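Student: I am new to this structure, and I would like to understand the words used to describe it. Could you take me through them?

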Amino acid sequence: MSLLVRIETFITAPLESAERAEALGEITSAVDNGSLTFLTLVEQLGPKLTNTDPFIRAKGIGLLSSVLSSCTTQQLGKNVSTVLVKFYLERLQDQPSVGELLKGIHALLKANAVASDNALQIPSRMFSEIALQTYQQTTRHMAFSILELLLQHHLTAMKFMGDDFISGFIQAMDGEKDPRNLLMAFRIAKVLIESFDCTKFAEDLFGVVFCYFPITFRPPPDDIYGITADDLKVALRDCISATRLFSTYAMPLLIEKLASISGNAKRDAMETLTACAPVYGPEAVFPHAEHLWHYLKEEVFKAADDANITAALGSIRAITATLSSATVISHAMKSPLELYLEFAVKDSLHHLTDPELKYARLSGKMLVAAASSSDPACHYVVNAVLPSVLEQCSARDIASRRKTLLDVVVDFLSAGREVYGSVNTEAMDVDDDFITPLLVFKERVLDICIAAASAASAYVPLRQAGLRGIIELLMSRQLLAGPEVGLALGQLHQSLLMDADLDARSEALVSLVSLSRVRPDLVLQHTVSQLFAQLPVGSCTETTPKLLSLEELLGDVRELSVERTLCAPALQRLLERLDSVRETAGSSHGDLSYAEALSSTMLHIIEHREKLPQELGDRNDFVSEAAESILSPLLYKATIAAAGKGGIFTTTTILRIWASIFSSIMRQSTVLLQEKILRNMIDIYVRGNTSLLPEATRTLLGSSSFCPLSAEAPLQETNASLLFAAVICSCRPEVTLAIPSINEFLQDLLVRSLDASNEILIESLAKSVASILNKMHDDTAVSGFLQDGILSKIRSGISNLAMVQQYRQQYLQVYVWLVKALVLKSHPLGYELLSDILGLLSDDSLGAAAAQGMGIIASDPTDKTFTRQTFANVKLLHRQRLFSFCVPRLVIGFQTGSAAAKQCHLLALSHLLQNLPKQVVSNALPQLLPLLLSSLILPSPELKLATLDTFQAMLSDHEATLSDQAASLVTSLLKIVTAKSVATGDTMHVRMAALKVLGKLPECMDYAILHPLKPGILRDLMSALDDPKRLVRKEAANTRNKWFLLLGPKAT
């Protein structure tokens, strides 16, 4: 196709047509590969560019501009660029073509292909030839984009235009209303203010900008540009606060806006005033200071919106900070700051004499905002106000009044900390020459806070205020030292350990957690030590907590161990307490609970560290330390206990908690550290190499062997396989197993799992093999291993009717974990094996086990194995594939199966639906709903519970679909809750689950659907109120109350 034909196609074809796009693409490609130059293209476009029809001229220029926008910059030499710029500028008088001309200029500027001397001509011609506000939005947007690019790339050249550029921009912006263009115009205006001499045009520039204040823009619901009112407000505020030249015009107008009845306008004015005050300076602010104080006080006292109060306090702080920078000609004269604060203190102090009034606290906040702005302001306000407030704090007898005054004192302490820094503030961040005025009052303040925080005060809010004051004192620089620190900490500890009120204890704990961030040494040395002094040493029955319950003590330890410097010492002390617990076979239930609580606290601390964002080096240090100081000792304890040398450390509850600890440490470990840990685990657990254990551990083991993965090992020894599985399943895919042959290793583990009799050992080994297979990158190697005899052995065992049912179920359990590993990574073999499990749902012996297996395959394990947290290979759409594969087969199996098979298919379906995202279930739910309803009639309690849990989960997400079957669902539920016996599977838990679903219906479904059913439901629930089980009666009463409250459609 020739160039002329392509040009003609572009000119004549419809705007959005494929032919037009194809022609443009071919021309652009020709320019890019050098077979066509821009000058040749312009020559060939000549007849179109000079055509008498304005639309053809515009399309011709549009073609040239589109090619410029699409092509690479290699063909844009200096000469070509000069010619094109001149070409475009000479045609700006052609109004129908202006939009396309500006598009071409924009393309040249964006490609940075315009020289500065040529760039200088662009704004001059634009301002003289184009009346911008007469054009449509897209054209105006392109013009503003050009101006912005000129200022970005050619600022020095633009400054040569000086006043002409500023006046031209003012004319271009005047009258603009489109938010997209305004956002760009505000940015341009700010650059002009900062880079040009705007003295001559200050009033005009301010007028063209401030006329948009306050911004009232609301984006339409279908807005695709993402421009918000806040974007425009911030951009406008940046313009208004860009130069002190605007102060003469802005201050009166901002004060006028403060008197507005609109809350949003007031807030905008206050936020703008906060931004402007430092720029405008004290000369502009001081003449209006008293008026501003009155308006801001009115806003603080009467505003219904907390955001407005915050904005007003921010303005007071900015005004005070600005006045603090004013220079004083003579020491005999009062500075603007002193005059302002003298007025403010006089206006506010009388409110503080009556602390019962709400204005007392608000007046205090205003004075605190002023004090927090600078050192001289803090000195003036504190010295003028604090003596009176402290005197009243000591004199007042009514607790509520003392609390109000103490809140003001605490606010002053916080302001002082903002000005003079916290105890952990770097020396370079504060001026050591500044001495806090609070230093003079610290003894009185400390005495008042301790008196308020003491348990003798019956008014809890006063105790909480006292605790907040103590923590502010402790965290402030230059205040407490030596014995005073101990005195303050002692009161915090007394409140934490002895206060009977939960709110006061919580306040003390929050205070100590805050202190731990700035003074972890104090918290570790005093607080943590006192908490551990209350924990039993040895048997829990021999020593019990004196002040707090075990749960409260360990909860406090958890909260205080957030900081990195406290985490490791707390874990070490918890481990020491765990060491002290008696490990004899006759340990009491209290010892077991104590060991579980200690282990759970360790797990919480380690998992909390995992969730925190940390520097890589910090995380590696912590994990390395935890692996050495926590993981290894727990491994040794489990080894000793498993060999018959201890009692409670062989219980599955404790071992599962320890397994979670192992998993969390592994998840946070690097590949090298994981390999080291894994190598030791394989040596000890698989090979039985106890030489790696410490000498003390080997001495306790004596001649006992340690083979926890052996089928012949005792039960308590094989329970330790939980730790082995936790390490294996938490490894990264990059970890190299320190074994000669991966296939032999996996086969050995599978054979052990098939031969084992302990359920924990079977599952641990099966999960370990499945995890390794899931993380193997080579799918061919995975298939080769499984199809090399091991699958045949497992399948034969499952299908062997002569085998004891227990062993068949064991083989199936192993098979399920292998299938899960493959399905997660969408391995083709996984679905082939999954078909076998679906087929077993019709097996009389294994149907129920196969249904449970479907639940395992569909769900995420609670121990986080086979999730992305443990680095499992989890494909994005594996749940959708699983659902699409299983549901048709389950439906067919239900329709064609026996009564027992139907139950198994429904149970599998319930497990599947509970563990799939709502988006996956939505389309198939109408087809599956009759099956779920029929499962409520069958006599299996397990099936009914699973189905009711499914309905409970679906009500929030699929109420529209369930609404069509509301009557049938209610009928089935009422039959369950009014059952007189459990012969049909309606056990206590089933009846409670049915009542919960029934009680959730009014929250989720429309009133019009449920209203006809309401009388019958209330009548039938009467019999449920006489249920023989108290928990069922309680749930029935709650459900009936919800239905009584169904009085009409919910408010939207």
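Tutor: Gladly! α14 (229-240) and α16 (263-280) each supply at least two residues of the lining of the largest cavity. Helices here are DSSP runs of H or I with at least four residues, numbered from the N terminus. This is a predicted model, where local features need pLDDT of at least 70, side-chain atom pairs count only at pLDDT 80 or more, and totals for chains, interfaces and linings use all residues. Residues are numbered from 1 along each chain as its sequence is written, and side-chain values use heavy atoms, with hydrogens and water left out.

Student: What makes a space a cavity, and how many cavities of 30 Å³ or more are there?

Tutor: A cavity is a set of points, on a 1 Å grid over the protein atoms alone, where a 1.4 Å probe fits but cannot get out. Its volume is the space filled by probe spheres set on the points, which are joined across faces, edges and corners. By this rule there are two cavities of 30 Å³ or more.

Student: Which residues line the largest cavity?

Tutor: Lining residues have an atom within 4 Å of a point. For the largest cavity they are Phe213, Pro214, Ile215, Lys233, Leu236, Arg237, Asp268 and Thr272. The largest share, three residues, comes from α14.

Student: Asp860 forms a salt bridge with Arg879. Why is Arg879 called buried, and what is Asp860 called?

Tutor: Buried means under 20% relative accessible area, exposed means over 50%, and partly exposed is in between (1.4 Å probe, protein chains only). Arg879 has a relative accessible area of 16%, so Arg879 is buried. Asp860 has 43% relative accessibility, so Asp860 counts as partly exposed. The closest N and O atoms of this pair are 3.0 Å apart.

Student: And how do you know whether Arg808 is buried or exposed?

Tutor: Arg808 has 4% relative accessibility, and therefore counts as buried. The side chain of Arg808 meets that of Asp843 in a salt bridge (3.3 Å, N to O).

How values were computed
On a 1 Å grid over the protein atoms alone, a cavity is a set of points where a 1.4 Å probe fits but cannot get out, and a pocket is an open set with protein on both sides within 12 Å along at least five of seven lines; lining residues have an atom within 4 Å of a point. A salt bridge is a side-chain nitrogen of Lys or Arg within 4 Å of a carboxyl oxygen of Asp or Glu.
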